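Subject: Structure handover

Hello,

Here is the structure I promised to pass on. Please open it and keep it in view while you read my notes below.

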Amino acid sequence: MSRMTSNLLDEAIGLDDSTSLSPLVGRLLLVEDCVETSGAFVLHHLLKRAFSSPHSSNAVIFIAFSQSFVHYERVLRKLGCNLAAQRDSHRFFFLDMLTVGCSDRSGKETGEGVLVGLYCKIQRAVSALIQENKRHVTIVIDDIPLLEVAANGSSNHVLDFLHYCHTLTSEIGGSIIALSHEDVYLDIERPLILQMEYLADVLIKVGPLATGIAKDVHGQLTVLNKPVGGLEENLRNRVHNFQFYIKENVPFWLLTRRSCPTSSIY
Amino acid sequence: MEATTKPRTSSFSRNLSSAHSSQTPGLKHGPNGTTFISSGIPDLDKILCGGFPLGSLVLVMEDAEAPHHMLLLRNFMSQGLVHNQPLLYASPSRDPRGFLGTLPSPGTSKDNKSRDSSAEQEKGLRIAWQYKKYFGESQENVNAIDGKYEFCNDFDLRKPFDRHFFSGKHVECVSLLDSSSLSTTLDRCATFLSQVPRNDGNISSAGRIAIQSLCAPQCDHSNMEWEMLSFLRSLKSMLRSSNAVAVVTFSPSLLLPSFSKRWQHMADTLLSVKAIPDEDKELANLLTGYQDMVGLLNIHKVAQINTQVPRILEATTFSIKLQKRRFLVLECLNQAPVDGSTGSSYGSTGSCSGSSKAGSLDF
């Protein structure tokens with residue numbers, strides 16, 4: 001990806017920061033979407049970024065609850081990234097929780113058991129990666145509410161799981177990217193979502209266009225980037241707002257807010 | 001009905017015409033390696049740009065006070081029977097097989113012809129290109145390619161199937177009341193889906209699962225929210241690895257709002273139906289053709305399988321009408337002219353229903 005196509009989202013997250021080698025190290029990135037607008041495309045974009053960066057030390061552990069491997073593979077292939085090849089070269093670990101997690105219903109595993117098993121798998125994958133000197137491990141979770149379903153609704157176990165994963169990645173200098181649904185938690189006491197938002201260093205909210213259906217805009221996106229370090233100018237939260245239009249083969253177009261759409265296409 | 005001679009005006013029509021090459025009756029190739037089966041309602045197929053993709057979970061949100069979801073279920077099931085596709089039906093009634101007696105059988109809506117001929121006449125006129133889309137799609141009749149193997153039939157709601165029609169058809173019926181938990185139902189679904197496994201070769205048959213009112217209060221499982229969610233999750237995962245579509249209806253008012261949202265997130269395609277209050281004067285003044293409407297259909301989500309690009313529909317709310325009191329048609333809402341303040345931006349949506357007559361463009 002050339003400098004030209006690095007888009008507003010990368011800028012907002014801080015991915016285009018050329019001074020630091022891997023800007024997401026040790027951070028937790030939370031994507032929140034809603035029924036009307038799916039936020040999965042942000043995951044796809046970040047996944048592609050992880051593999052297209054020049055560091056060969058990048059690796060991704062993908063915990064898929066919502067789609068099968070075929071889906072991700074086809075989507076990413078259109079973005080110019082071959083997941084099967086990455087998997088063969090041990091840079092991409094795909095934990096298929098959609099089909100595997102459901103098929104063995106006979107054992108009647110408890111919710112806790114599922115998560116413990118999952119964590120063990122992640123830990124094993126991470127230690128294997130470290131042996132191969134791939135230190136920038138990203139754990140992607142798609143998505144948290146389904147993780148809760150797998151855990152039989154125990155949000156405490158889900159939080160514990162996230163904490164464990166966070167500890168694991170911060171020890172080795174990796175990062176976590178998780179997808180969650182904002183509207184699921186709107187009307188109840190929301191310990192889970194609040195704790196997740198508290199944990200998150202970067203929060204990306206995806207929603208439908210506030211003004212209704214538009215032919216050439218898929219939705220809008222708010223990026224909240226919490227400050228790193230204690231420098232004066234960094235103390236403020238940086239908030240960015242965009243409207244986006246998703247395409248199959250380019251990451252997506254982002255339109256800045258108060259400007260004419262046709263003139264500001266990245 | 002010369003769908004092939006029709007000038008191609010949009011990418012939408014191209015997809016459809018290329019899809020005719022599919023050999024298996026009732027199946028149609030879509031973009032991104034998906035295969036569609038018909039919803040049983042020609043207009044809904046058009047709105048969804050082809051139908052329901054195989055492997056997807058379709059959720060329909062019921063109106064708590066009206067049985068409009070049954071219209072969708074009936075047509076979905078009947079279409080499967082016409083195409084000889086295996087069918088599994090589950091409902092919270094004691095005798096789910098009785099429901100089969102109410103399934104509509106295919107008929108020919110004569111009006112199609114008059115519609116097309118009127119469109120034909122319009123064609124003779126010189127029409128500015130901006131307006132071409134207003135009559136283009138009405139001719140894109142997916143059905144009646146050769147009369148026998150249509151992708152989607154019109155169903156006559158007043159004419160049920162003959163009894164002997166069901167002999168030799170693969171139909172399973174499950175009562176949701178029978179079991180105290182959903183695991184037995186899930187097992188039935190698993191065995192049913194094992195007949196239509198997905199392998200990379202060509203698809204010979206597709207299965208249909210119809211589950212009515214999954215969270216009905218008379219079922220024992222209705223207060224086990226997590227169990228129902230995990231049922232849906234397992235169902236979805238099994239669907240992904242088989243050539244089948246499941247349509248599940250549920251009443252969101254019976255669930256906690258947060259759980260209702262969870263259900264909605266689970267869906268690949270999400271629809272909702274609403275009845276129309278009998279005498280809503282305000283609405284009657286606002287919409288043309290209010291008298292003929294029986295309900296409203298909302299499209300909240302269209303399946304995104306193997307793609308990340310969401311589909312932007314021209315409209316998300318459609319009126320459900322019964323043509324000649326027999327055939328289910330969906331039409332775009334047309335705002336009646338109100339003095340001065342019509343939302344002109346919605347004028348363009350007047351075309352997207354397949355059954356747009358010339359008279360519906362009265363702006």
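First, a term. Buried means under 20% relative accessible area, exposed means over 50%, and partly exposed lies in between (1.4 Å probe, protein chains only).

Next, some ground rules. This is a predicted model, so local features need pLDDT of at least 70 and side-chain atom pairs count only at pLDDT 80 or more, while totals for chains, interfaces and linings use all residues. Residues are numbered from 1 along each chain as its sequence is written, chains are lettered from A and ligands numbered from 1 in the order in which they are written, and side-chain values use heavy atoms, with hydrogens and water left out.

**The two chains**

Start with chain A. It has 266 residues, and 52% of them are buried. Its secondary structure comes to nine helices and nine strands. Helices (H or I, at least four residues) and strands (E, at least two) are DSSP runs, numbered from the N terminus. The accessible surface of chain A is about 12100 Å², and carbon and sulfur atoms hold 53% of that. Such areas come from the Shrake-Rupley method with a 1.4 Å probe; for residues, only the protein chains shown count as cover.

Now chain B. It has 363 residues, of which 56% are buried. Nine helices and 14 strands make up its secondary structure. Its accessible surface comes to about 15800 Å², with 50% belonging to carbon and sulfur atoms. Take the contacts (heavy atoms within 4.5 Å) in chain B between residues at least 6 apart in sequence: 76% join residues at least 24 apart.

**The cores**

A nonpolar core is a set of buried Ala, Val, Leu, Ile, Met, Phe, Trp, Tyr and Cys residues joined through side-chain atoms within 4.5 Å. The largest one has 80 residues. Ile63(A), Ile122(A), Phe161(A), Leu235(B) and Trp263(B) have the most contacts inside it. Look at Trp263(B). Another core, of 43 residues, lies apart from the largest one and includes Ile47(B), Phe76(B), Tyr89(B) and Leu313(B).

**Where the chains meet**

How many residues does each chain bring to the contact? Chain A brings 47 and chain B brings 33. The size of an interface is often given as the accessible area lost when the parts come together. Here the buried area is about 3200 Å², and carbon and sulfur atoms give 58% of it. That area is what two parts lose on being put together (1.4 Å probe), summed over both. On the chain B side, Arg233(B), His265(B) and Gln308(B) supply 25% of the area buried against chain A, more than any other three residues.

The two chains share 14 residue pairs in polar contact (both at pLDDT 80 or more). A polar contact is a pair of N or O atoms within 3.5 Å; within protein, one must be able to donate a hydrogen and the other to accept it, and residues adjacent in sequence count only if both atoms are side-chain atoms. H7(B) gives the largest share of the side of chain B that touches chain A, with eight residues.

**Salt bridges**

A salt bridge is a side-chain nitrogen of Lys or Arg within 4 Å of a carboxyl oxygen of Asp or Glu. The structure holds 10 of them over all chains. One crosses the interface of chain B and chain A. Glu148(A) and Arg262(B) form a salt bridge at 3.0 Å, N to O. Glu148(A) is in helix H7 (residues 144-150) of chain A and Arg262(B) is in helix H8 of chain B, so this pair joins two chains. Glu148(A) is buried, at 4% relative accessible area. Arg262(B) is buried too, at 6%.

Glu32(A) pairs with Lys205(A), their closest N and O atoms being 3.9 Å apart. These two are 173 residues apart, in strands S1 and S6 of chain A. Glu32(A) is buried at 0%, whereas Lys205(A) is partly exposed at 27%.

**One loop residue**

Thr102(B) sits in the loop between strand S5 (87-91) and strand S6 (104-107) of chain B. Its side chain reaches the backbone oxygen of Phe99(B) at 2.7 Å.

Best wishes
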